Amino acid sequence: MLKSLVIKQLRQLISGLRRGRNGKIRTGASFALYAGMMIFLELYFFGIFTALFASLCPAMAKAGGMDAYYGTACGAALLFGVLGGVFTTYSMLYGARDNEFLLSMPVPPAKILAARLIGVYLMSLLSALSVLLPAFVLSWIFAFPGAAGLIFQLAALALVPLAAVTVSCVLGWLIALVSSRVRKKNVVQTVLSLLLLAAYFLVYFRITRAVGNIVEDPGILTAFVRKIPPLTWIGRAMTGDGLVFAACAAAILAAFAAVCAVLSASFLRLATVRRGGKTVRYREKRARRLSPFRAYLRKELLRLRSSSVYMLNGCLGTVMMPLAGIAALVKADWLAEKLSRLGSLSGLIPVFLCIAVCFLASMNDLTAPSVSLEARTLWIPRTAPVDLWAPLKAKIALQLLVTLPPAAVCAVCLSAALKVGPLAAALVLAAAGAFVFFSALAGLCWGLLLPNLTWVNETAAVKQGYGILLATLSSGGEAVAAGLAAAAVGFFAGALW
């Protein structure tokens, strides 16, 4: 039974990769294209961490701080795995659409939970490999840890993801517990996600800023890591200390077993509970008559509000653009000082400003996943006596409503901070508006051409599928490509042209 559940879980994880719109298995060039994109994303993160550890490893090996180096690598892998997997864990364990179907069958809940956890572990393993592999390979080049250290490091490739799964499961369990007791659970999930995202960016930027100082004086990082006992222990274990490694492995396995016991005891209740709903009393009142477009737009807004996964993945730019504009106003003098170093390119500041606004706007992608989310209700607009263009216009209008106001705020703030002049500011606003409209249309085209209608949970509908991936990647690329083309023209004809 467990084997069948695990196979089912693995098939669900790769369903967006292997299944087309009609549910048939993809083969040939179609599968190769999507797999190539996934490999590219994995290599992208692999390259980022390779560059980071390539700066740290030689200096720390020379200073005799390899235990701190290994502790840093394992801590980064743990943080990367937790931040990337906590809400995926919640969605896979408690938000899967087939939970109630499986629980209605003669299948023990513990086996359902075990199959889900295996899927979560595999996803965490991919995240950890992006961090640990470059860190360990570089250490073998600059300071080989010996046979025992090599064996322990290979074992850590399996144990660190298990620790990340343990922490993610605890946080996912807390989110499920809180969500089952509040009415607006999506608001809670969204706020928690934004806090985790802010924590991730804060840690990342601080680490990036500190790398230069650490390379000059490795003792800074060594002293910091050695003040954190878990990182110190795992670092010593990676250098070949067998006793410490056994203690670390035992602690991770014991923590995972305890978490599994707690999850097993509460899985049935949290996976099926529907508390926090508002009691509705019928009151007779006159119904408002809406046009088909307004009715579909209201439906899209309610759909967005009801899903934290949809909001976080589709509206990230809505949060980032005002923050970027406010930061530019606060750091206006610093920005002016940096841009003054551009020399002959300083006249193209309005163009670069426009690239920045459009790139931030490209983080919003609602139209492509909105088509995939129609999987169970796709037949309704197709059979309703309305023009099929009405629901499509509503999807475009949703992205415009969510993206245009923050893009305008960002453009105005950046223009004021950089003092580009009223005409240039107006052109930046116009270009940003045109780009937002274009990206909404392009995302809708990708969503209609390559929808993912075979999803089991919302995470797959919002994140997986050809259309969603191509819309996300092409939108940022279009912003940069169009901006560079404009810069090439502006270099000869002037920024306003």
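Buried means under 20% relative accessible area, exposed means over 50%, and partly exposed lies in between (1.4 Å probe, protein chains only). The exercises below use these words for a predicted model, in which local features need pLDDT of at least 70, side-chain atom pairs count only at pLDDT 80 or more, and totals for chains, interfaces and linings use all residues. Residues are numbered from 1 along each chain as its sequence is written, and side-chain values use heavy atoms, with hydrogens and water left out.

**Exercise 1. A network of charges**

Task: Find the salt bridges that link Lys 299, Glu 300, Glu 374 and Lys 395.

Solution. 
- Step 1. Side chains of opposite charge can pair when their charged atoms come close. A salt bridge is a side-chain nitrogen of Lys or Arg within 4 Å of a carboxyl oxygen of Asp or Glu. The structure holds five of them.
- Step 2. Lys 299 and Glu 374 form a salt bridge at 2.8 Å, N to O. This pair links distant parts of the chain, 75 residues apart: Lys 299 is in helix H12 (residues 292-305), and Glu 374 is in the loop between helix H17 (367-372) and helix H18 (379-383). Helices here are DSSP runs (H or I, at least four residues), numbered from the N terminus.
- Step 3. The side chain of Lys 299 also meets that of Glu 300 in a salt bridge, at 3.7 Å from N to O. Glu 300 has 3% relative accessibility and so counts as buried.
- Step 4. Glu 300 forms a salt bridge with Lys 395 as well, with the closest N and O atoms 2.8 Å apart. Lys 395 lies in helix H19 (residues 389-418) and Glu 300 in helix H12, so the pair ties together parts that are 95 residues apart in sequence. Both Lys 395 and Glu 300 are buried.

**Exercise 2. Aromatic rings**

Task: Classify the aromatic pairs that Phe 53 forms with Phe 49 and with Tyr 69.

Solution. 
- Step 1. Rings of Phe, Tyr and Trp (its six-membered ring) pair if their centres lie within 6.5 Å; planes under 30 degrees apart count as stacked, over 60 as edge-to-face and the rest as tilted. The whole structure has five aromatic pairs.
- Step 2. For Phe 49 and Phe 53 the ring centres are 6.5 Å apart and the planes are at 25°, so the pair is stacked. These residues are four apart in helix H3 (residues 29-62), which means that about one helical turn separates them.
- Step 3. For Phe 53 and Tyr 69 the centres are 5.8 Å apart and the planes are at 80°, an edge-to-face pair. Phe 53 is in helix H3 and Tyr 69 in helix H4 (residues 66-94), 16 residues apart. Both Phe 53 and Tyr 69 are buried.
- Step 4. Phe 49, Phe 53, Tyr 69, Tyr 70 and Phe 136 form one aromatic cluster.

**Exercise 3. Core and surface**

Task: State how many residues the largest nonpolar core has, and which helix gives the most to the nonpolar patch.

Solution. 
- Step 1. A nonpolar core is a set of buried Ala, Val, Leu, Ile, Met, Phe, Trp, Tyr and Cys residues joined through side-chain atoms within 4.5 Å. The largest one has 37 residues, and those with the most contacts inside it include Phe 53, Tyr 69 and Cys 74. Helix H4 provides the largest share of this core, eight residues.
- Step 2. Contact means heavy atoms within 4.5 Å. Leaving aside neighbours within four places in sequence, Cys 74 is in contact with Leu 132, Phe 136, Val 160, Ile 234 and Met 238.
- Step 3. Another core, of 30 residues, lies apart from the largest one, and Val 357 and Leu 392 are among its residues.
- Step 4. Patches are made of residues with over 30% relative accessible area and no salt bridge: like charges are joined within 9 Å, nonpolar side chains (Val, Leu, Ile, Met, Phe, Trp, Tyr) within 5 Å. Ile 39, Leu 43, Phe 46, Leu 133, Val 137, Ile 141 and Phe 142 form a nonpolar patch on the surface, with about 630 Å² of accessible area together (Shrake-Rupley method, 1.4 Å probe, only the protein chains shown counting as cover for residues).
- Step 5. Helix H6 gives the most to the patch, with four residues.

Notes
Helix = DSSP H or I, 4+ residues; strand = E, 2+ residues; numbered from the N terminus.
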